[in-house]
Amino acid sequence: MTGGVSRRRLLKTGAAAAAGGAAAMAGASREAQAAQIPGPRQTDVAGRRFKAYVRVGTRPAYVEELTLLPIGPRDVLVRSQAACSCYSITPFALSARDFRQPMIMNHSGMGVVDAVGQQVRRVRPGDRVIVAGTPQCGHCYQCLQGRPDHCQFLTLAQRATATMPDGTPAFPMAGLGGTAELATVPEEYCVPVLTDVPAAQLAMLADTTGTGLAATMNLIEMFPGAEVAVLGLGPLGLSIVQGAR
């Protein structure tokens with residue numbers, strides 16, 4: 001919440017207005033129902049078991065059952081519905097380098113909020129969210145200057161969010177660890193989405209597609225009639241074409 005105005009309410013209002021009068025009425029009805037939901041947040045989630053794609057020691061990445069650690073006051077627990085594996089995780093998942101600390105792979109995701117910390121205001125349990133590879137707090141210097149890609153909450157500081165079967169702490173890649181049934185992520189990385197678009201498509205926006213769109217919609221100054229050369233038309237290249245268009 002900024003200046004007494006709820007970002008969540010603005011999102012809902014904007015989505016309803018864009019869809020027309022009927023959608024506005026439906027949105028108002030949903031908002032009224034949401035207002036009746038008690039405010040306390042479920043935070044006693046420690047001990048829950050879930051599967052995750054992890055890398056430890058010198059063996060290739062594999063699926064392991066982990067045990068969830070307590071979430072922090074600014075954390076969001078996301079029940080994953082889909083994940084877009086970034087190209088950059090390949091050397092982590094397949095290399096022979098010795099990982100002394102177990103790592104949960106990937107740095108983006110998409111799912112439904114299961115629980116939130118006491119200080120979280122952006123989302124609530126039941127919300128669909130995209131977990132982006134970079135945060136946007138909306139109030140630091142970089143965010144206010146139009147460079148949320150340098151948000152003050154952008155950090156690769158590692159903190160354990162779960163434990164391995166033998167009790168060893170497991171750390172999420174880039175603080176996110178998206179290839180897991182449950183992901184504990186900072187609030188600033190969560191983007192609530194008010195749509196019924198399939199989860200697999202939304203997960204692409206969290207990383208690959210989002211990267212391509214941002215390159216041509218935000219970072220490169222485009223103009224009508226411009227010619228764009230794209231080297232390679234995989235999911236990243238196609239999203240660059242889409243952004244340029």
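Select the hairpin of β7 and β8 in this predicted model. Five residues sit between the two strands. Pick glycine 167 there: its phi is positive, near 95°.

Now colour the strands themselves. β7 covers residues 162-163 and pairs with β8 in the antiparallel sense, over two bridges. Click alanine 162; its bridge partner in β8 is alanine 170.

Zoom in on isoleucine 104: opposite it, in β8, stands proline 172.

Next, go back along the chain to phenylalanine 153. This residue lies in the loop between α4 (141-144) and β7. Show what surrounds phenylalanine 153. Leaving aside neighbours within four places in sequence, its contacts are Arg74, Pro135, Cys137, His139, Glu188 and Tyr189. Then draw a C-alpha to C-alpha distance from phenylalanine 153 to cysteine 140: 8.9 Å, for residues 13 apart in sequence.

Last stop: the helix pair. Select α6 (residues 208-219) and α7 (residues 235-244). They pack at an angle of about 35°, and their axes are 7 Å apart. The crossing of α6 past α7 is right-handed. Show side chains at the contact. From α6, look for Thr208, Thr209, Thr211, Gly212, Leu213, Thr216 and Met217. Facing them from α7 are Pro235, Leu236, Ser239, Ile240, Gln242, Gly243 and Ala244. Colour this contact by class: six residues are nonpolar, eight are polar and none is charged.

Note on methods: Residues numbered from 1 in each chain as written. Predicted model: local features only at pLDDT ≥ 70, side-chain atom pairs only at ≥ 80, totals over all residues. Heavy atoms only, no water. Pairing = 2+ DSSP bridges. Helix = DSSP H or I, 4+ residues; strand = E, 2+ residues; numbered from the N terminus. Axes fitted to C-alpha atoms, helices over the stretch in contact; angles between N-to-C directions. Left-handed = near helix turned anticlockwise from the far one by under 90°. Contact = heavy atoms within 4.5 Å. Nonpolar A, V, L, I, M, F, W, Y, C, P; charged D, E, K, R; others polar.
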